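The following note sets out several points for a colleague who is examining this model. Please read each point with the structure open.

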Amino acid sequence: MNILFPKNFLWGAATASYQIEGAFKSDGKGESIWDRFTHTEGKIKNNENGDIAVDHYNRYKEDVKLMSDIKMSAYRFSLAWTRILPEGKGTINQKGIDFYSQLIDELLENNIKPLITLYHWDLPQKIQDNGGWSNRDTSNMFAEYASIVAKNYGDRVNLISTFNEPAVFTIHGLVDGYMAPGYADLDHFSAAVHHVNLAHGLGLKAMRSINNNLELGCVLNLSPCIPCSDDPADIKGTKLYDMYWNRIFLDPMYKGLYPNNFYKNVERYLKDADLNIISQKNDYIGLNHYQHTRVKSDPDYLLKARGAYGNEKPFNMENVELTLMNWEIVPEAYYNQIMELKNKYDNPVIYLTENGCAYPDIIENGKINDFKRIEFYKKYLSAVKKSIDDGADVRGYMTWTLMDNFEWALGFEKRFGLIHVDFETLKRTPKESYYFYENLIKNNGF
Ligand code: FCB
């Protein structure tokens, strides 16, 4: 063994409410935009949906036990806003509050630190009916929801992220329509970007006014962008893509400014104190990272770069190893991304909140020998270790994901879990990577 991590490094897994919980109407839960979107013919591969997903809502104890069996020290999960506030605002649904309260207690009894994400894409449909993120009121509703969470769970949970990957849900939800709510409208998009940023700031403020001990931040999906050729058009396109994918949330939240070229799009939505609210102190950056992005200039490139979330091969590539998502395996990009945060964003505390890969993962003689996933983890974790050695303040790693689940518009086909799930019987079977993770935790390295 030669790769050792710092003492007290958190080892965990990440999930998202809509992808695992199921129970889409149980115990007073309201409708979310992902319920609506998946129930609309033609939006999801094979018209699948998360109505049942992997039934975590009813099986959470079994799932926590699987984490505890390998001594995970952290678990990052998201709350469904519609369980807590079925209409997005107003009356609180006590059964929704209770569900997450029980989950948190179960985690703590098993020495697993809960990390909450407030918003992993499942906006209440009622709020969407009022304009969703393009309406400034939504930012205030989010802050109200955040304060309810802080009041109910802040005594037991101190690490809370406002959003998961704002670029992904605004670009794919409002520019190319690939994800819920499924629009293609650039005006909505620019307004939404600003209101999500504002909601982040208002959310932090609301939670801090209730509990000063919380550790708060946002989870961003960041990816170094590289041109796919020397053509000046590709080089220019790469800068633009980097701005949309990486900077329009990172910079306002962590530096208090919008990139120059984007400012004109949001100027009309900005009020005096907004940027101060948005850029108030963050305690950490949550980094989700899967691959770097090769950019080819295209007048519609915002819609086309990278392919629709993994369905197309990257541009211009020969002999590069890809995962089942057609994502390139490039551990150096992970290292570069972490170091960029260290060097350009004031050496922040970083939690690695998602990283992982999809493979077909077939059961043979009762076993799933997902050795390619193990190789992937070894490469990516070596990159993490190198960044720590080079001074990055990385405090934990959450693999995506605990168990196979509903992969958004791609339905159930792409398996990312450490644990295999039979989607008919919902039986959980640990893969070989789960045992790799067990040893990794035991030795704090590999
Ligand atoms: C991330 C999402 C997560 C999952 C992985 C594969 O962008 O946050 O929910 O879909 O990709």
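**Notes on the predicted model**

1. A polar side-chain atom of Trp408 lies 2.9 Å from an oxygen atom of the ligand, a polar contact being a pair of N or O atoms within 3.5 Å; within protein, one must be able to donate a hydrogen and the other to accept it, and residues adjacent in sequence count only if both atoms are side-chain atoms. Taken alone, the ligand exposes 290 Å², and 100% of that is buried by the protein (Shrake-Rupley method, 1.4 Å probe; for residues, only the protein chains shown count as cover).

2. This is a predicted model, in which local features need pLDDT of at least 70 and side-chain atom pairs count only at pLDDT 80 or more, whereas totals for chains, interfaces and linings use all residues. Residues are numbered from 1 along each chain as its sequence is written, and side-chain values use heavy atoms, with hydrogens and water left out.

3. The ligand is surrounded by 13 residues, of which the closest are Gln19, His120, Glu165, Glu407 and Trp408 (a residue is near if one of its heavy atoms lies within 4 Å).

4. Helix α7 covers residues 137-153; helices (H or I, at least four residues) and strands (E, at least two) are DSSP runs, numbered from the N terminus. Because 12 of its 17 residues are buried, α7 is largely enclosed by the rest of the structure (buried: under 20% relative accessible area; exposed: over 50%; partly exposed in between; 1.4 Å probe, protein chains only). Among the buried residues are Phe142, Tyr145 and Tyr153. Their cover includes α5 (94-109), β3 (113-119) and α9 (186-210).

5. Asn246, in helix α10 (residues 232-255), is buried, with a relative accessible area of 4%. Its side chain reaches the backbone oxygen of Ser223 at 2.8 Å and makes a polar contact with the side chain of Asp242 at 2.7 Å. Leaving aside neighbours within four places in sequence, Asn246 is in contact (heavy atoms within 4.5 Å) with residues including Asn221, Cys225 and Tyr241.

6. Is Thr353 buried or exposed? Thr353, in strand β9 (residues 349-354), is buried, with a relative accessible area of 1%. Not counting residues up to four places away in sequence, Thr353 touches Ala14, Arg76, Val219, Gly286, Leu287, Asn288 and Met398.

Definitions and conventions:
The expected span of a helix is 1.5 Å times one less than its number of residues.
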